[in-house]
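Let's go through this one by question and answer. Have a look at the sequence and model first.

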2 protein chains.
Amino acid sequence: MSVYKINEDLAKERQKCNFDIQELTHIIDGGKHKTEQRRFIEEKVLKTGAHEDLVPDECLSLKERYENAVKKSQMYSDLVKNELLAFTGLENFGTPILRRLADAFFKEISPFLLHLGMFVPTIMGQCTPEQQAKWLPPALNLEIFGTYAQTELGHGTFIRGLETTATYDPSTEEFILHSPTLTAYKWWGGGLGKTANHCIVVAQLYTQGKCYGVHTFIVQIRDLETHEPLRGVKVGEVGPKLGFNTADNGFLGFDNYRIPRDHMLMKNAQVLKDGTYKKLANAKLTYGTMVFVRVTLVSDSAFNLAKAATIAVRYSAVRRQSEAKPGAPEPQILDYPTQQHKLFICISSALAMQLTANWLWATFSKYLNEMRKGNVDNLPELHALSSCLKSVSTSDASFLIEQCRFACGGHGYMTSSRLPHIYAFVVATRTYEGDYTVLLLQTARFLVKAWEVAESGVDVSPTVSYLNRVNKHKELVWDNSMEGLIRYLEVVAEGKISHCVKNIREKMKTGMSYDDAWLLTTNQLVPAAEAHCRAVLMKVYHQESKRLTADSSLNLQKVIDQLVQLYIIFWSLEKTGDLLRYTSISEKDIDELQNRYEDLLASIRPNAVGLVDAFDIRDEILQSTLGAYDGRVYERLMEEALKTPLNAESVNSSFHKYMKRESKL
Amino acid sequence: MSVYKINEDLAKERQKCNFDIQELTHIIDGGKHKTEQRRFIEEKVLKTGAHEDLVPDECLSLKERYENAVKKSQMYSDLVKNELLAFTGLENFGTPILRRLADAFFKEISPFLLHLGMFVPTIMGQCTPEQQAKWLPPALNLEIFGTYAQTELGHGTFIRGLETTATYDPSTEEFILHSPTLTAYKWWGGGLGKTANHCIVVAQLYTQGKCYGVHTFIVQIRDLETHEPLRGVKVGEVGPKLGFNTADNGFLGFDNYRIPRDHMLMKNAQVLKDGTYKKLANAKLTYGTMVFVRVTLVSDSAFNLAKAATIAVRYSAVRRQSEAKPGAPEPQILDYPTQQHKLFICISSALAMQLTANWLWATFSKYLNEMRKGNVDNLPELHALSSCLKSVSTSDASFLIEQCRFACGGHGYMTSSRLPHIYAFVVATRTYEGDYTVLLLQTARFLVKAWEVAESGVDVSPTVSYLNRVNKHKELVWDNSMEGLIRYLEVVAEGKISHCVKNIREKMKTGMSYDDAWLLTTNQLVPAAEAHCRAVLMKVYHQESKRLTADSSLNLQKVIDQLVQLYIIFWSLEKTGDLLRYTSISEKDIDELQNRYEDLLASIRPNAVGLVDAFDIRDEILQSTLGAYDGRVYERLMEEALKTPLNAESVNSSFHKYMKRESKL
């Protein structure tokens with residue numbers, strides 16, 4: 001960890017911790033063996049020191065940052081290929097362990113990310129065996145660098161609106177790629193600006209005079225020798241962003257650019273030599289990738305929130321401020337209930353999101369087998385579930401990470417705290433792969449349909465089974481057990497969905513079309529879908545934590561139970577208005593929940609540092625002046641400050657250039 | 001404005017607008033004459049073109065950004081001194097107009113900001129006439145550059161905890177400044193790192209063996225000729241931050257550094273030659289500066305939120321996405337009720353904050369005269385008011401600016417949208433000059449005291465007069481007029497304060513001390529203070545908008561009334577839980593409020609672009625690819641992208657250095 005002496009306050013916190021930190025780490029990792037494997041890999045990679053920067057990345061120009069990131073990507077990829085593939089297997093390309101390690105190398109992101117994260121998987125998933133044989137070996141061997149270009153300057157979430165065309169010319173057996181307008185330019189592809197020489201391009205397929213909608217094509221965009229853009233290809237970097245500044249996100253336009261016919265990815269659909277279009281597989285299967293990416297984003301939210309919580313909790317144990325009582329010494333800020341209120345929900349939410357991501361992945365894997373057998377009945381539920389979990393997790397994590405930053409006061413504003421980077425990363429995921437609002441409305445579509453099915457007396461699928469109990473809720477006697485509270489949050493979700501349906505029907509009675517009535521109800525449909533998602537999160541967190549700690553020591557069971565209770569009561573109190581509207585909760589019940597919440601804060605307090613230690617995020621990966629294991633907060637802040645190039649010279653040239661005056665002083 | 005053709009959709013929006021945009025601009029500026037004056041100054045400064053960058057600032061290294069900012073600061077200061085002082089008068093140093101213009105020069109901030117914003121005002125406010133005569137002319141003439149250093153590495157909001165000492169030595173008639181520990185280093189001072197050669201230092205005053213608490217000193221830290229730090233002074237830059245990256249925020253430590261006795265600012269207290277300490281004025285008067293700074297921050301929140309709303313609303317009129325109805329063309333995203341819900345509250349909140357800042361300033365000025373006559377009775381109320389308004393405005397503005405960014409989808413993530421800069425700037429103000437939570441708890445102290453006074457039957461001061469009606473509320477019949485809703489939000493505030501008092505008293509009955517009981521109630525005291533602040537904001541917004549539009553045209557009155565209603569109903573719906581707990585609101589009332597809210601969105605929709613046009617923020621000041629007056633969104637995005645230095649070369653050197661491979665492809 002560190003050669004320095006541990007800060008005294010932090011050392012005391014660790015003595016106070018009453019559960020076995022290792023035991024919790026194993027649960028979070030998914031077993032003792034997995035913890036050991038992760039630590040082995042971390043040790044192997046980090047002992048190279050390849051991740052160390054002499055100058056903080058944010059001090060450099062954007063160009064220098066990019067160049068530094070390419071250099072590191074090469075080192076990182078070589079390490080992965082030479083040292084780790086044998087150990088973890090090819091299937092671990094892009095696994096949480098490797099992505100966690102990437103954080104040590106890149107404060108922001110690698111320009112190779114989409115090569116490994118989208119280019120390679122798309123070849124695996126959408127190419128014919130012949131195409132795979134051609135493209136996969138050079139891609140895995142980093143002989144070619146690829147990325148993925150779907151979004152256009154004028155078109156995002158609504159894929160059918162994409163403008164780039166791929167028109168088949170049977171006379172030469174080629175597709176002609178073309179960007180008819182400025183808004184048709186591809187925009188955002190990570191690594192597309194300067195790094196990639198190949199690209200998966202999503203375009204509207206035209207053949208025999210007819211449009212068949214969006215399809216994917218593999219396109220070479222730069223010369224393999226000179227790296228110059230090929231004729232007919234306009235490619236460049238999109239410029240500075242809130243985050244991801246080392247990813248050379250790019251733009252890409254085509255001027256009647258020709259590619260061979262077999263560069264269309266032909267696993268699911270083909271264009272024959274004569275131009276005949278043939279559909280082969282159920283396109284719905286490609287939803288699988290989408291669900292996979294969303295699970296990944298929920299898991300990313302969990303890990304990044306865990307980082308932020310680690311930083312803010314350790315800092316709050318070291319930082320002392322104000323007088324809680326006249327004349328008394330300045331207390332650790334972690335002793336303030338307002339600080340506990342800001343931070344403990346972050347610890348608990350990180351755990352909730354991680355357990356839910358794991359559960360979602362397990363659920364998806366189970367369904368996937370059925371889908372491969374042709375049964376796609378579960379797809380709508382899975383899609384609705386992954387949509388709302390992606391929205392709510394990325395949104396909650398963004399909000400809570402920023403709350404952790406606020407909890408660190410001014411020092412959270414220093415990039416050396418790492419909190420600004422973490423926020424910039426996670427808040428992007430709130431928008432990409434499906435915007436927050438759009439995805440919740442997709443979940444709402446599913447919920448309204450399910451409500452109508454349940455209304456007709458037919459039972460609906462597991463995650464919405466609470467709808468089967470329509471209109472039987474208000475009479476329930478208030479039950480403040482965790483199971484009771486979860487049931488009541490389901491009642492809230494049901495009440496909100498039901499309210500939306502009523503609203504839509506009333507509007508339609510006035511002659512409005514369903515589409516218009518839906519549109520005018522969207523401001524209520526979004527919170528209805530959110531309420532559904534909150535109920536799912538609570539239920540899964542409660543159930544999975546019970547299952548995973550069934551054989552744990554009593555003290556660990558107890559602290560986990562406290563975290564789960566904190567989560568459920570926190571959200572019950574946040575949603576008091578909904579509970580008052582849709583359930584029989586009383587004023588007294590609310591006061592009691594508030595008191596229990598305050599008691600939980602006090603109970604969790606002595607274990608707070610132990611809980612974030614259990615996330616087991618190494619200093620090299622956390623890269624935070626405020627959050628290091630040893631708590632040398634102020635020393636590290638100063639050490640980092642001294643690294644900034646402005647401090648390499650005692651006087652900056654601009655004094656003599658612009659400021660110097662005669663003064664009579 | 002622009003030589004380009006206006007985007008067709010934007011042009012149509014402007015045709016639809018049914019009120020006189022100029023008329024609203026005059027109201028926001030405070031009169032037609034003020035609008036004209038502002039425009040004259042803007043024109044004069046901006047026609048120099050001094051604000052134009054060839055390369056986006058964020059592409060440069062931190063050092064280059066600093067040097068660029070110093071260069072521009074010099075140009076900007078000269079312009080202000082030579083061209084504008086005669087016109088606007090010295091008293092306009094730091095006025096909204098000049099600060100608005102500064103936005104055109106600096107995407108982030110000038111390293112001279114604290115020279116003009118804190119160093120000069122402190123000399124004016126805390127120096128004796130002799131000291132002023134010595135320091136003010138060279139400071140105003142930019143012969144010396146100063147800043148303000150209060151916060152230390154280990155000490156922020158709690159000023160009494162500062163460690164830097166100033167010990168008087170009567171044998172040489174000097175103060176010895178010293179930083180006894182690392183945590184005593186000054187940290188954050190804007191312009192302190194490399195720019196300033198003088199500094200106001202806040203330190204614990206020791207004389208004749210006794211500590212007299214914090215006092216201010218003017219300290220030269222660098223040589224005027226060479227700019228080298230003086231012996232005994234350790235000064236440098238703190239390193240990269242989330243924002244403010246051109247401000248060379250600095251650290252400063254002293255090693256028994258001696259300054260003459262008369263460098264203590266002696267207006268309010270003196271140390272005589274023999275070391276005798278003499279208190280002269282009521283220290284409470286210095287609260288005035290604090291209140292002034294807080295009003296400024298409320299006004300900054302308003303202006304920056306207006307910028308964000310301008311960007312997001314114009315973009316939403318240009319951007320088209322998805323299908324609202326099958327087969328129909330992609331609608332402007334401003335037509336989605338979910339988008340209106342995100343954006344119209346931003347327009348209204350910007351107006352609410354601006355009118356409230358103006359009102360607060362007027363209230364303060366009125367009290368100031370009384371205070372100068374020795375009557376400081378109103379100070380607690382003023383302090384409580386400015387504390388909560390600063391907290392809630394900076395917090396709301398941060399949240400809503402980020403909401404504007406979300407509403408712009410992926411493109412909001414580009415720094416060329418300007419939204420990331422606006423957020424980074426405003427979110428810092430949520431922490432500095434008093435942290436959000438700490439300030440709300442100060443307001444809560446005042447509220448609890450006022451509640452107890454009212455309980456004793458004595459009437460309390462105007463902004464909390466609603467407490468005089470204790471316990472008479474529940475019986476009120478629901479009244480959904482604006483006045484009724486404001487009154488109900490006051491009832492909520494009263495209910496929450498009352499609940500806190502009850503809570504504290506109950507805890508004390510168990511033997512707990514008042515301080516402990518207070519501490520354990522802080523998580524309820526914060527929302528109580530927030531509820532109070534919301535009621536004040538609504539009331540002031542409602543009353544001031546009525547007053548200011550009394551003579552306006554009917555259409556303007558109508559649209560302003562819609563904005564005020566939107567604001568009040570928005571917050572009533574947000575606080576449904578509180579209304580259900582503390583008032584007689586019914587389910588039906590809530591539904592009705594929701595319907596009125598949706599109707600208001602539809603009514604405001606045709607005027608949305610007109611409303612943000614009325615903020616009258618010139619393109620050069622807005623500096624946004626998404627928000628320019630002409631709506632050339634996609635063209636500007638591409639033009640900005642092409643300016644990034646990575647695009648100056650078609651191939652980056654790192655390809656040949658790190659990536660090139662033999663490929664069999």
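Q: Is Gln543(B) buried, exposed or partly exposed?
A: A word on the model first: it is predicted, local features need pLDDT of at least 70, side-chain atom pairs count only at pLDDT 80 or more, and totals for chains, interfaces and linings use all residues. Residues are numbered from 1 along each chain as its sequence is written, chains are lettered from A and ligands numbered from 1 in the order written, and side-chain values use heavy atoms, without hydrogens and water. Buried means under 20% relative accessible area, exposed over 50% and partly exposed in between, with a 1.4 Å probe and protein chains only. Gln543(B) has 38% relative accessibility, so it counts as partly exposed.

Q: Which helix of chain B holds Gln543(B)?
A: Helices here are DSSP runs of H or I with at least four residues, strands are runs of E with at least two, and both are numbered from the N terminus. Gln543(B) falls within residues 522-548 of chain B, and that stretch is helix 15.

Q: How are helix 10 and helix 15 of chain B oriented to each other?
A: Axes are lines fitted to C-alpha atoms, for helices over the stretch in contact, and angles run from 0 to 180 degrees between N-to-C directions. Helix 10 (residues 379-407) and helix 15 of chain B have axes that come within 9 Å and cross at roughly 85°. Angles under 35 degrees count as roughly parallel, over 145 as roughly antiparallel, 65 to 115 as roughly perpendicular and the rest as oblique. The two helices of chain B are therefore roughly perpendicular.

Q: How do the residues of the contact of helix 10 with helix 15 of chain B divide?
A: Contact means heavy atoms within 4.5 Å. On the helix 10 side of chain B the residues include Leu385(B) and Asp396(B), and they meet residues of helix 15 including Glu530(B) and Arg534(B). Ala, Val, Leu, Ile, Met, Phe, Trp, Tyr, Cys and Pro count as nonpolar, Asp, Glu, Lys and Arg as charged, and the others, Gly among them, as polar. The residues of this contact divide into seven nonpolar, one polar and three charged.

Q: Which residue stands opposite Leu252(A) of strand 8 of chain A?
A: Strand 7 (residues 233-237) and strand 8 of chain A run antiparallel and are joined by five bridges. The residue opposite Leu252(A) is Val235(A).

Q: Which residue in the turn between strand 5 and strand 6 of chain A has a positive phi?
A: Strand 5 (residues 198-207) and strand 6 (residues 210-220) of chain A run antiparallel, with nine bridges. They form a hairpin with two residues between them, and the one with a positive phi of about 50° is Gln208(A).

Conventions: Pairing = 2+ DSSP bridges.
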